[in-house]
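User: Hello! I am new to this structure and would like a friendly tour. Could you take me through it step by step?

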Amino acid sequence: MPQNEYIERWTKQHGKRLDHDERSRKRIARTSHKASESARSFTGLRAKLYAKKRHAEKIQMKKQIKAHEERNVKSSSGPAEPSSTPLPSYLLDRNQTTNNAKALSSQIKNKRAEKAAKFSVPLPKVKGISEEEMFKVVKTGKKTAKKG
């Protein structure tokens, strides 16, 4: 038996505490309180890094939730049984429209991107500089002027 499995062995032999599930549930529930408290108490660079990490976590969570919602939306892929009466020509194209939730959301995203592109400002290109110019010693100030 490997050295690191003594905890699992003990649990198999003796079992868990009767309130183990409740304690673990409460511990997990407290983690969000602990995270918010630390977010309030951090200052400076540590606060910035922590906020960036939490922001990334929230974005990831929102993406997961959105993916689950899109998976649950069922698209209507036409009528269940064909009707005996023919449809007029102006109603025929309704079945061909995209009823898929993913397609609709991507269309909305594309429209938003096009609107944003109207107001986007092109960035000026940065001119490259040589190594000599980059690493040369720049003399400034009163003391260096007096020496020269």
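User: Which residues form a positive surface patch?

Analyst: Welcome! This is a predicted model, in which local features need pLDDT of at least 70 and side-chain atom pairs count only at pLDDT 80 or more, while totals for chains, interfaces and linings use all residues. Residues are numbered from 1 along each chain as its sequence is written, and side-chain values use heavy atoms, with hydrogens and water left out. Patches are made of residues with over 30% relative accessible area and no salt bridge, with like charges joined within 9 Å and nonpolar side chains (Val, Leu, Ile, Met, Phe, Trp, Tyr) within 5 Å. The positive patch here consists of K63, K66, K109, K111, R112, K115 and K118.

User: Which helix gives the largest share of the positive patch?

Analyst: Helices are DSSP runs of H or I with at least four residues, and strands are runs of E with at least two, numbered from the N terminus. At least two residues of the patch come from each of α3 (44–72) and α5 (101–118). The largest share, five residues, is supplied by α5.

User: Is R112 buried or exposed?

Analyst: R112 sits in helix α5. Buried means under 20% relative accessible area, exposed over 50%, and partly exposed in between, using a 1.4 Å probe and protein chains only. R112 has a relative accessible area of 61%, so the residue is exposed.

User: How many helices and strands does the protein chain have, and what is the pattern along the sequence?

Analyst: The count for the protein chain is seven helices and zero strands. Along the sequence, this reads as α-α-α-α-α-α-α.

User: What percentage of the residues is buried?

Analyst: The protein chain has 148 residues. Buried residues make up 3%.

User: How are the rings of the aromatic pair arranged?

Analyst: There is one aromatic pair in the structure. The ring centres of F42 and Y50 are 5.1 Å apart and their planes stand at 80°. Rings pair if their centres lie within 6.5 Å; planes under 30 degrees apart count as stacked, over 60 as edge-to-face and the rest as tilted. The pair of F42 and Y50 is therefore edge-to-face.

User: Which residue has a relative accessible area of 16%?

Analyst: F42 has a relative accessible area of 24%, so F42 is partly exposed. The residue at 16%, which is buried, is Y50.

User: How far apart are the N and O atoms in the salt bridge of R17 and D19?

Analyst: A salt bridge is a side-chain nitrogen of Lys or Arg within 4 Å of a carboxyl oxygen of Asp or Glu. The whole structure holds two salt bridges. R17 is exposed at 54%, whereas D19 is partly exposed at 28%. Their N to O distance is 3.1 Å.

User: Why are E22 and K26 separated by about one helical turn?

Analyst: E22 and K26 also form a salt bridge, with their closest N and O atoms 3.5 Å apart. Both count as partly exposed, E22 at 42% and K26 at 39%. They are about one helical turn apart because they lie four residues apart in helix α2 (residues 20–41).

User: Which residues make a nonpolar surface patch?

Analyst: One of the residues, F135, lies in helix α6 (residues 131–135). F135 counts as exposed, at 63% relative accessibility. The patch covers about 340 Å² and is made by I129, M134 and F135.

Definitions and conventions. Areas by Shrake-Rupley, 256 points an atom, 1.4 Å probe, with all protein chains shown as cover. Lys, Arg positive; Asp, Glu negative; His and termini not counted. Charge placed at Lys NZ, Arg CZ, Asp CG, Glu CD. Phe/Tyr/Trp six-rings, centres within 6.5 Å; stacked < 30°, edge-to-face > 60°.
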